[in-house]
Amino acid sequence: MLRFIIFFSLFIHLCVAAPKTPAAAAAVPAKKWLTLNGQEPAVVARGGFSGLFPESSAPANDMAVSTSSPGLTMLCNLQMTKDGVGLCLSDIRLDNATTISSLFPKTQKTYKVNGQDLKGWFVLDYDADTIFSNVSLVQNIFSRPSIFDGQMPVSAVEDVLGTKPPKFWLSVQYDAFYMEHKLSAAEYLRSLRFRGINVISSPEIGFLKSIGMDAGRAKTKLIFEFKEPEAIEPTTNKKYSELQQNLAAIKAFASGVLVPKDYIWPLDSANYLKPATTFVADAHKAGLEVYASGFANDMRTSFNYSYDPSAEYLQFVDNGQFSVDGVITDFPPTASQSITCLSHQKGNLPKAGHALVITHNGASGDYPGCTDLAYQKAVDDGADVIDCSVQMSKDGIAFCHDAADLTASTTAMTTFMSRATSVPEIQPTNGIFSFDLTWAEIQSVKPQIESPFTATGFQRNPANKNAGKFITLAEFLDFSKAKAVAGNAAYLASKKGLGIVDAVKSALTNSTLDKQSTQKVLIQSDDSSVLSSFEAVPPYTRILSIDKEIGDAPKPSVEEIKKHADAVNLMRTSLVTVSQSFATGKTNVVEEMHKANISVYVSVLRNEYISIAFDYFSDPTVELATFIAGSGVDGVITEFPATATRYLRSPCSDLNKDQPYAILPAEAGALLSVADKEAQPPSSAPNPPLDAKDVIDPPLPPVANLAASNATGGAQPHPPPPSGTVAITANLGLSLLAMLALGVLCVA
């Protein structure tokens with residue numbers, strides 16, 4: 001461990017109200033849904049689990065059923081071949097979802113579809129045998145796994161029906177186009193006698209009316225699909241926005257409607273939610289069910305959801321005013337858990353699991369980290385522990401901030417660029433350091449929300465990017481007794497005359513947290529000597545932060561940890577190894593630590609799907625389940641505490657309960673095993689075991705007495721470099737941050 005890069009943290013466990021009695025907790029009323037018929041909203045899997053596998057492939061369909069709640073509806077988009085065979089494909093063109101273009105490069109054509117010229121390889125130009133014998137599927141969204149491309153055949157409608165899904169939904173998008181070319185979706189359905197088809201949807205009124213009697217006899221539900229408001233419906237030549245004005249007329253030929261989700265919850269130009277429309281209420285008043293489409297974990301949507309896909313589903317089904325009757329999704333497990341497990345959590349339900357929810361700079365996914373707003377949001381979100389990373393100002397004020405360098409997380413660069421300096425003991429690049437500014441100067445700059453993924457366009461809550469204010473350690477302790485400290489204790493003690501350890505001890509003593517037992521205090525550092533300095537205070541739990549990837553915890557290393565700490569904070573990849581965004585293996589580090597009675601916390605968990613392995617379904621809740629229920633960690637350190645708290649308050653997080661659905665941990669390596677050997681990423685070397693020498697640090701140096709040369713008792717500023725040097729170094733720092741963000745993506 002690097003001697004001068006020390007992470008020193010203090011956590012205070014928040015008091016959480018206990019459930020009244022076990023009997024009261026058991027008497028949970030049945031869920032009441034605001035759907036048209038009062039039943040639970042339906043989960044409709046678009047092409048099976050198309051968020052992972054090519055749409056409507058056999059693995060996509062099988063995995064959708066095995067990972068979703070009972071009653072799942074499988075949706076197939078009907079396309080028709082030259083010889084009238086029905087296929088399940090997303091579009092009338094084959095090129096974006098199959099290997100057709102490389103097989104038949106010269107057979108591209110242009111057709112007029114609903115008044116627009118479209119160019120590509122069209123399904124109706126090939127007979128079924130040609131497609132089944134030659135063409136294979138590919139993932140048609142490039143951010144999704146490509147290792148399954150070219151391995152799976154196109155599915156016929158009968159293939160999917162043959163798997164006997166709980167319910168089957170056939171979407172007929174282009175009947176008018178096919179009719180122009182002597183193909184009839186209605187006749188195809190009659191040849192199937194509508195058997196096994198529970199729902200048929202179409203954006204074409206004429207088609208739905210033409211099959212109405214047959215569908216009625218077969219008890220097949222008909223759904224009218226709304227396209228974008230300005231698009232033209234082929235039968236009436238009216239805009240869909242016009243048809244929306246007379247929903248009662250739709251009831252004459254359909255029992256429900258399917259709409260893009262922004263028909264219900266529109267977004268403004270900045271991607272924040274506008275007030276809900278009256279669409280659901282109007283449709284329900286007309287006796288129509290409402291299904292919403294466009295749900296996917298790996299597509300950026302409203303900032304209101306904090307990159308948590310479950311929060312978006314809950315906005316549509318559990319908002320207290322209305323509920324849609326079903327959702328069309330590429331990730332059916334996330335929709336299933338949101339509806340079955342995470343809905344109706346009002347009233348701060350007790351946690352089902354023991355794991356602690358610990359923040360990383362407060363709710364720093366929603367507000368600038370270490371600000372009053374980030375801490376308040378964390379408490380509101382139900383965090384068990386909030387943290388304060390302690391830094392020191394030039395005049396000796398201890399305050400909460402993630403790093404001594406203020407450059408990335410404040411607007412200091414605009415005001416104090418001339419104060420940028422180099423401190424190699426802390427970081428290789430120039431920075432504007434807190435110990436070179438007075439507390440008044442630090443208060444004069446604005447906080448700035450940070451995202452590890454800004455370089456790839458993933459902003460966090462831009463409407464509040466500079467909201468809140470930094471607070472002192474004393475203010476933090478007064479706020480609600482929860483805190484974490486990230487500082488450079490040895491550097492501050494030996495070079496700047498600032499005793500950060502002493503400052504923390506003093507603040508804790510003043511707050512009487514060292515003399516009470518109602519709240520738990522956690523001290524974290526990556527330096528054993530820092531933890532040893534708190535050994536004499538029994539109420540404190542000491543946590544050793546191990547900021548390197550490890551693959552094993554040999555007994556000598558664990559015994560050395562036991563001398564200094566009661567718990568460890570480990571990286572995610574020290575518990576589950578990841579290669580090219582696939583989970584490849586699970587270590588036994590948690591088990592080895594638990595044998596020695598050492599608690600294990602894992603960090604840092606984030607909601608952005610690009611930081612989450614494909615095995616977790618691009619879903620932060622599944623990642624939580626993997627570490628908590630799968631690996632058995634004692635707590636998670638997260639920038640989005642609301643997501644973790646919601647999971648732990650769900651009965652589905654308890655795998656010992658007998659219930660129809662549970663949020664299961666991912667099994668490392670299972671998803672990769674579906675791909676051909678040749679397509680799998682090469683095996684990487686295992687993480688090294690933890691070495692005992694990595695745990696031991698030399699004692700802290702004494703605090704230097706610089707008061708004689710500094711009347712304030714604070715730090716002496718470094719002589720400023722020439723202005724040209726400052727500018728060059730500052731720009732280099734920003735560039736390195738961008739590269740770091742990209743590096744995190746690759747690792748995560």
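Residues are numbered from 1 along each chain as its sequence is written, and side-chain values use heavy atoms, with hydrogens and water left out. As the model is predicted, local features need pLDDT of at least 70 and side-chain atom pairs count only at pLDDT 80 or more, while totals for chains, interfaces and linings use all residues.

Helix 22 spans residues 555-564; helices (H or I, at least four residues) and strands (E, at least two) are DSSP runs, numbered from the N terminus. Its buried residues are Ser 557, Val 558, Glu 560, Ile 561 and His 564, where buried means under 20% relative accessible area, exposed over 50% and partly exposed in between (1.4 Å probe, protein chains only). These residues lie on the same side of helix 22 because they cover an arc of only 160° around the axis, the arc being that of the directions from the helix axis to the C-beta atoms. Lys 555, Pro 556 and Lys 563 are exposed on the other side of helix 22. The buried residues pack against helix 21 (528-532), strand 18 (540-546), strand 19 (567-571) and helix 23 (589-595), with contact meaning heavy atoms within 4.5 Å.

Helix 13 (residues 309-317) packs with helix 14 (residues 332-342) at an angle of about 60°, and their axes are 9 Å apart. Axes are lines fitted to C-alpha atoms, for helices over the stretch in contact, and angles run from 0 to 180 degrees between N-to-C directions. Helix 13 is therefore oblique to helix 14; angles under 35 degrees count as roughly parallel, over 145 as roughly antiparallel, 65 to 115 as roughly perpendicular and the rest as oblique. On the side of helix 13 the contact is made by Pro 309, Ser 310, Tyr 313, Leu 314 and Val 317. Helix 14 contributes Thr 334, Ala 335, Gln 337, Ser 338, Ile 339 and Leu 342. Seven residues of this contact are nonpolar, four are polar and none is charged (Ala, Val, Leu, Ile, Met, Phe, Trp, Tyr, Cys and Pro count as nonpolar, Asp, Glu, Lys and Arg as charged, and the others, Gly among them, as polar).

Ser 603 and Val 604 are joined by a cis peptide bond with omega of about -15°, and Val 604 lies in strand 22 (residues 599-605). Phe 194, a residue other than glycine, has a positive phi near 60°. Phe 194 is found in the loop between helix 7 (185-192) and strand 8 (199-202) and is buried, with a relative accessible area of 4%. Asn 461, also not a glycine, has a positive phi of about 35°. The loop between helix 17 (439-443) and helix 18 (473-480) holds Asn 461, which is buried at a relative accessible area of 10%.
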